[in-house]
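Work through the following exercises with the sequence and the coordinates side by side, and try each task before reading its solution.

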Amino acid sequence: MWRAAGVSYLRYSNEMASILRQCLKEPYREAALKRDVTNITEKIWSNGLVTSKAKIEEVGKGFEAQGGDAKK
């Protein structure tokens, strides 16, 4: 089905999971929607140890931190 939709398997499964979470009844729906959030943590390693961590709240800011363009 994902090939017929013209998207990758990962994107298709994420979309279907999101739809399923929205169909749940309360209080299960609220708990499932909280798990739908993506978290990104940038870690800088030096000599096999983590020297710093930075939590990135927005995906676009993560691309900017790496010097890329988030609007591509």
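Relative accessible area sorts residues into buried (under 20%), exposed (over 50%) and partly exposed (in between), with a 1.4 Å probe and protein chains only. The model is predicted, so local features need pLDDT of at least 70 and side-chain atom pairs count only at pLDDT 80 or more, while totals for chains, interfaces and linings use all residues. Residues are numbered from 1 along each chain as its sequence is written, and side-chain values use heavy atoms, with hydrogens and water left out.

**Exercise 1.** Determine the order of the secondary structure elements in the protein chain.

Solution. Begin with the rule: helices (H or I, at least four residues) and strands (E, at least two) are DSSP runs, numbered from the N terminus. The protein chain then has four helices and two strands, and from the N terminus on these elements follow the order α-α-α-β-β-α.

**Exercise 2.** State what share of the protein chain counts as buried.

Solution. Applying the threshold to the 72 residues of the protein chain, 7% count as buried.

**Exercise 3.** Find which residue forms a salt bridge with K34, and describe the setting of the pair.

Solution. A salt bridge requires a side-chain nitrogen of Lys or Arg within 4 Å of a carboxyl oxygen of Asp or Glu, and by this rule the count is one. The partner of K34 is E30, with the closest N and O atoms 3.8 Å apart. Both residues lie in helix α3 (residues 28-34), four residues apart, about one turn of the helix. As to accessibility, K34 is exposed at 59%, whereas E30, at 44%, counts as partly exposed.
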